[in-house]
Structure formats: structure tokens, C-alpha cells
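Here are a few exercises to work through with the model open in your viewer. Try each task yourself before you read the solution.

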Amino acid sequence: LRTALETMGCELLLDKAWGWRHALPAHEILVKNPENRGTIRGEPDTWTAQLWRETYGFKNSGEISTPETREFVWDYIKGPGDKREGWELTDIENPEARRVVGFMNPIFHPEKPKRITVKWASVFIGAMIGEFTVDWGLMMKTIVDRQVANLRKTKKQATCLPSFLIHLYR
């Protein structure tokens, strides 16, 4: 897995703890703490793609910055899947691709961590086989921005927002 993640330019993700559920980091977005003034804490407008690149050791750029379907993915995904829900991890026959997608999907597609969409499978597998490079920092910014927007709208904590924030604040 580490070798594949090195090829993809995101191996430091493997060294991070995932699955944090503590509400405090996300709560700071909703309720401003005067002690954090002048810092990045609770200030999502300051969380740039470059800041996410630095947090996770991503390279500075890539050809791909949004998930998109690529035809090669059908060499890896088998079975009919579900057009809305996607495929199960077991539908990926290549063991290395299954490991990579199984690790990456909960991070980059936290809304459906156990179901793989064709677009996200294309990104993970394409990066793994060297088909293209990915701007992981911009991808991360987009995901976090979406989770922050949902938090502000619903006041419910997004699935892995605390993990992202704990990594960012360290």
C-alpha cells in the first residue's frame, strides 16, 4: 500500500490517524473563540489547497483536480454495481487496486466510505497506475469546503471533518 501511495504522491496519509469523532474542532467553525484570532483555527476561509498540501505532504500540483470517469477503470471494476450507490470494494478484482481504493475512498469520499463510485475509482486507480497525477491538495480543499458548508447549514458534524482539522492544527 505504501509503495502505491508513494507513486500517487500521497503516502503521508498512511501515517495519519483517521476516524476522529471529537466535536471540538468542528464546533470551532460555528462558535468563534477569541483566543484563536489570527490563527487558522476555526477559519475555513484560510484553508487553501497549499495549506492542505503542506499538511499531508502532497506535491504542489497535478493534472486532475476533480473526480472524473476514465475508461480504464472498467478493467478493474466488475459487476453491475448500483448507479446511485456505486460498487462494493469486493467488485474491484485487482488486490492492489482494492487496497488503494479501500484506503483512499473513506478519506476522499467520506459520504459513502464503503461504496466506490466510478469517478473516485478512476481517480485512485489512475493515480496508482501512473495514468495521471492528481492535485490532492485541491481535492482535499474541495472536500473540506463541502463538509464545512454542510456543517454550517445543518449544524451536524461531517463524517471525517474532525480528522482533517486535527491533522491541520498539528
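**Exercise 1. Find out what the buried residues of H5 pack against.**

Keep in mind that this is a predicted model. Start with the burial count: ten of the eleven residues of H5 are buried, so the helix is mostly covered. Next, pick them out: Val118, Trp120, Ala121, Ser122, Val123, Phe124, Ile125, Gly126, Ala127 and Met128. Now look at what surrounds them. These buried residues pack against helices H1, H4 and H6, and also against strand S1 (87-88) and strand S2 (115-116). Finally, step past the end of the helix: H5 is followed by Gly130, which has a positive phi near 80°.

**Exercise 2. Work out which elements build the largest nonpolar core, and which one gives the most.**

Begin with the core itself, which has 50 residues. Its residues with the most contacts inside the core are Leu13, Trp47, Met104, Phe108, Trp136 and Met140. Then go through the elements that give two or more residues: H1 (2-8), H2 (24-30), H3, H4 (95-108), H5 (118-128), H6 and H7. The top contributor is H5, with eight residues.

Setting aside residues up to four places away in sequence, Trp47 touches Ile29, Ile40, Gly42, Trp52, Lys141, Val144, Val148, Leu165, Leu168 and Tyr169.

**Exercise 3. Decide how H4 and H6 are oriented to each other, and say what makes the contact.**

For two packed helices, you want the angle between the axes and the distance between them. Here the axes of H4 and H6 come within 10 Å and cross at roughly 45°. That angle falls between 35 and 65 degrees, so the pair counts as oblique. From H4, the contact uses Met104, Ile107 and Phe108, while H6 brings Trp136, Met139, Met140 and Ile143. Sort these residues by type and you get seven nonpolar, no polar and no charged.

**Exercise 4. Is H3 enclosed or open, and what covers its buried residues?**

Count first: six of the eight residues of H3 (49-56) are buried, so the rest of the structure largely encloses this helix. The six are Ala49, Leu51, Trp52, Arg53, Thr55 and Tyr56. Among the elements covering them are H6 (136-154) and H7 (161-169).

His167 has 6% relative accessibility, which is under the 20% cut-off, so it counts as buried. Beyond its neighbours within four places in sequence, His167 contacts Lys16, Ala17, Trp18, Trp20, Thr55 and Tyr56.

**Exercise 5. Describe the chain as a whole and judge how compact it is.**

Take the elements first. The chain has seven helices and two strands, and from the N terminus they run α-α-α-β-α-β-α-α-α. The radius of gyration is 16 Å, close to the 15 Å the globule rule gives for 170 residues, so the chain is as compact as a globular protein of that length. Its C-alpha trace spans about 55 × 30 × 25 Å along the principal axes. On burial, 44% of the 170 residues are buried. Last, check the sequence separation of contacts: of those between residues at least 6 apart, 70% join residues at least 24 apart.

Definitions and conventions. Residues numbered from 1 in each chain as written. Predicted model: local features only at pLDDT ≥ 70, side-chain atom pairs only at ≥ 80, totals over all residues. Heavy atoms only, no water. Buried < 20%, exposed > 50% of the residue type's maximum accessible area, 1.4 Å probe, protein only. Helix = DSSP H or I, 4+ residues; strand = E, 2+ residues; numbered from the N terminus. Contact = heavy atoms within 4.5 Å. Core = buried A, V, L, I, M, F, W, Y, C linked by side-chain atoms within 4.5 Å. Axes fitted to C-alpha atoms, helices over the stretch in contact; angles between N-to-C directions. Parallel < 35°, antiparallel > 145°, perpendicular 65-115°, else oblique. Nonpolar A, V, L, I, M, F, W, Y, C, P; charged D, E, K, R; others polar. Rg over C-alpha atoms; globule rule 2.2 N^0.38 Å.
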